[in-house]
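Hi there,

Here is the structure I promised to pass on to you. Have a look at it first, and then read on for what turned up.

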Amino acid sequence: MVRQPAVAGKFYTGDPDRLRQELAEMMPQGETQKAMGVIAPHAGYVYSGKAAGKVYAAVQVPDTVLILGPNHTGAGVAAALAPETEWLTPLGSVPVNRRLSQLILEHAPLVREDAVAHRFEHSLEVQVPFLQYRNPRVSIAALCLALPDFPSISRIGEGIARAIAAYGDEVLIVASSDMTHYESAAAAKVKDDQALDRLTGMDPEGLLKVCREKNITMCGVIPATALLVAAKIMGATSCRLVHYTTSGEVNGDLHSVVAYAALMVC
């Protein structure tokens, strides 16, 4: 089973040479550090690629990565594990890590294998070329999440932590999320600062609560919450903001923006 790219040529270029060039420009070489997780945006690269590139340039990408993304389509089960053997992008194929995937199924009872949730979902796919470029040997497991409440999300995070512990090798967790949608840049910043305070405070339950109470349209709040739960169990003590920007900095429209944040969890 091969997962075909759904948004190549839309969210990012389908031309391999041009894609490599763009990724190189978005990820300047510099010092990197190990991390347990990152939060990276998932819009078209022209808008969010700079933010994503900054965090991917700063982190060491190991041979195994678990990608957590929200379910934008509403299709499939609420905690859907990609069942395919590989994912294709314009840069080639990335193998699905079946050992880690199986451990997630064993340790996170809410998770089910389900290709339907992943078929047209862009939030996980757009992370893959960054990972390929940073580590051509990378393998992935991928979870598409649409869980309703903190206890359910927390169970997923706890299961992920147990699965990674059983896996025994280094795993980077990538939570895919944009921030506030379709408000002015100023209003988005006010809202997003509240969510970022919970993120940098390593407060997963507070993050979910503030996004829902303050109507902060952080579409990947569920993946980010699960990441924080898992990372804290695994010993993480910090989450720092690497970059924050909005679509208005690209197209000049500050009246209705989508905001993007990139963070590193260590």
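A nonpolar core here means a set of buried Ala, Val, Leu, Ile, Met, Phe, Trp, Tyr and Cys residues joined through side-chain atoms within 4.5 Å. Please keep in mind that this is a predicted model.

With that in hand, the largest nonpolar core has 55 residues, and I104, L199 and M218 touch the most other members. Helix α10 (residues 221-233) gives the most to this core, contributing 9 residues.

Leaving aside residues up to four places away in sequence, its contacts are I39, L207, M218, A224, L228, C239 and L263. L199 is also one of the buried residues of helix α8, along with A185, A188, K191, D192, A195 and L196. These buried residues pack against α9 (204-213), α10, and the strands β2 (37-40), β10 (181-183), β11 (239-246) and β12 (257-265).

Helix α8 itself runs over residues 185-200 and spans 21 Å from first C-alpha to last, close to the expected 22 Å. Just after α8, M202 has a positive phi of about 55 degrees.

As for the whole chain, it has 11 helices and 12 strands. Its radius of gyration is 17 Å, close to the 18 Å from the globule rule for 266 residues, so the chain is as compact as a globular protein of that length. Buried residues make up 58% of the chain.

Enjoy exploring!

Best wishes

Notes:
Residues are numbered from 1 along each chain as its sequence is written. This is a predicted model: local features need pLDDT of at least 70, side-chain atom pairs count only at pLDDT 80 or more; totals for chains, interfaces and linings use all residues. Side-chain values use heavy atoms; hydrogens and water are left out. Buried means under 20% relative accessible area, exposed over 50%, partly exposed in between (1.4 Å probe, protein chains only). Helices (H or I, at least four residues) and strands (E, at least two) are DSSP runs, numbered from the N terminus. Contact means heavy atoms within 4.5 Å. The expected span of a helix is 1.5 Å times one less than its number of residues. The radius of gyration is taken over C-alpha atoms; the globule rule is 2.2 Å times the number of residues to the power 0.38.
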